[in-house]
Amino acid sequence: MRTTTLGRSAVGVTQLALGCAAIGNLYQPVTDEAALATVDAAWNAGIRTFDTAPHYGLGLSERRLGAALRDRPRDSYTVSTKVGRLLVPDPEAGCGDDLANGFAVSATHRRVWDFTADGVLRSLEASLDRLGLDRIDVALLHDPDDHAEQALREAYPALERLRTEGVVGAIGIGMNQSALPTRFVRETDIDVVLLAGRYTLLEQGGLAELLPEAAAGGRSVVVGGVFNSGLLTDPRPGATYDYAPAPRAVLDRALRLLEVAERHGVPLRTAALRFPFGHSAVASVLTGARSADEVRDTVEQLRRPIPDALWDELRAEGLLTEGTPVPVAPPSKEPS
């Protein structure tokens, strides 16, 4: 699978990356065996980039990913995790669960926002322990929407120092919006932005400023949320968008996308997966999976040919923002 480096760093990422929130029991339980099989299937398909976070299952995702990678050569894969939420033991949680935060795990800990320099160090130290690794390849500021100034003033300089010292290989920010990441691209020396849900076949908000700024500055963008919370896999009433039922206008747009894709014999999820690769700033697409079958399906969709006429019709129908670049050729099929 094709590999590229993030920004001006030496950290390599594969064309597809495995998002590991699902193996942290996102919305529903996943067994240890299924989690291991999911990572194994990704590895067998040539995926060597794995993204996790303390937030995912109160550390369960990190523990399971670390266990799945334990016997793999350390220099053969890239792991990204995140800072900004510390996990604090909560002895008063009793038998409660964490479903209010989206994860089917026992609420043994509570999340505490912390974008201080000390919080960054403590978070990464705890992540290394859960992952069982000696280093983190990519460290991302996680959702600092309400903590922008502290993240810029305290957390970012701490990550920059860790990168200089070689403790982490690349640094960046991961968010569901494009405005604050654009500010980081302009005001800091981050390597990468993980942009979730804002540069997809459904909506191209990231194209206004973030992606051009990243390309001009030699930074990379990893695109997550390409299916917009599942809406672009099966658009129908009740389908989710941004983790909630899709508004009627959003659903109608997704159904129009589906009609175009079907006219060209292409599954909508295939077009959605391939779409971000049209922009030069996009280094990788991050997709989640909770089973080996889901991983194999994603890889199959990546390799499926898409006629240029599909993109032409989407433009003609006004379903792509003016000036949106699209993939012009099938992705590389070199062996993994």
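This is a predicted model: local features need pLDDT of at least 70, side-chain atom pairs count only at pLDDT 80 or more; totals for chains, interfaces and linings use all residues.

User: Which residues of H5 are the buried ones?

Analyst: H5 covers residues 179-187, and its buried residues are Leu180, Pro181, Thr182, Phe184 and Val185.

User: You mentioned H4. What does H4 bring to the largest nonpolar core?

Analyst: That core has 91 residues, and Phe50 and Leu201 have the most contacts inside it. Helix H4 (residues 148-164) gives the core 8 residues, which is the largest share.

User: What does Leu201 touch, if we skip its neighbours within four places in sequence?

Analyst: Quite a list: Leu232, Leu257, Leu268, Ala271, Ala272, Phe275, Trp311, Leu314, Leu319 and Leu320. Apart from the 91-residue core there's another core, of 12 residues, including Val11, Val138, Ala170 and Leu286.

User: Leu286, got it. Let me jump to Gly225. Where is Gly225?

Analyst: Gly225 is in the loop between strand S13 (220-224) and S14. Leaving out residues up to four places away in sequence, Gly225 touches Leu286, plus Ala196, Gly197 and Thr200.

User: And how far is Gly225 from Leu195?

Analyst: They're 30 residues apart in sequence, and their C-alpha atoms are 8.0 Å apart in space. Gly225 itself is partly exposed, with a relative accessible area of 33%.

User: OK, what about Ala117? Which helix is that in?

Analyst: Ala117 is in helix H3, which runs over residues 117-131. With neighbours within four places set aside, Ala117 is in contact with Glu154, Ala158 and Arg161. Ala117 counts as partly exposed because its relative accessible area is 23%, and the buried label needs under 20%.

User: How far is Ala117 from Leu133?

Analyst: Those two are 16 residues apart along the chain, with 21 Å between their C-alpha atoms.

User: Switching to backbone angles. What's the phi of Asp143?

Analyst: Near 55°, which is a positive value in a residue other than glycine. Asp143 lies in the loop between S10 and H4.

User: Is Asp143 buried or exposed?

Analyst: Buried, since the relative accessible area of Asp143 is 15%.

User: And what's the phi of Asp242?

Analyst: Asp242 has a positive phi too, near 50°. Asp242 sits in the loop between strand S14 (240-241) and strand S15 (244-245). Asp242 is partly exposed, at a relative accessible area of 36%.

User: Let's zoom out. How many helices and strands does the protein have?

Analyst: There are 10 helices and 16 strands. The radius of gyration is 19 Å, close to the 20 Å that the globule rule gives for 336 residues, so the protein is as compact as a globular protein of that length. The C-alpha trace spans about 55 × 45 × 40 Å along its principal axes.

User: How much of it is buried?

Analyst: Buried residues make up 55% of the 336 residues. The protein exposes about 14000 Å², and carbon and sulfur atoms supply 50% of that area.

Conventions
Residues are numbered from 1 along each chain as its sequence is written. Side-chain values use heavy atoms; hydrogens and water are left out. Helices (H or I, at least four residues) and strands (E, at least two) are DSSP runs, numbered from the N terminus. The radius of gyration is taken over C-alpha atoms; the globule rule is 2.2 Å times the number of residues to the power 0.38. Buried means under 20% relative accessible area, exposed over 50%, partly exposed in between (1.4 Å probe, protein chains only). Accessible areas come from the Shrake-Rupley method with a 1.4 Å probe; for residues, only the protein chains shown count as cover. A nonpolar core is a set of buried Ala, Val, Leu, Ile, Met, Phe, Trp, Tyr and Cys residues joined through side-chain atoms within 4.5 Å. Contact means heavy atoms within 4.5 Å.
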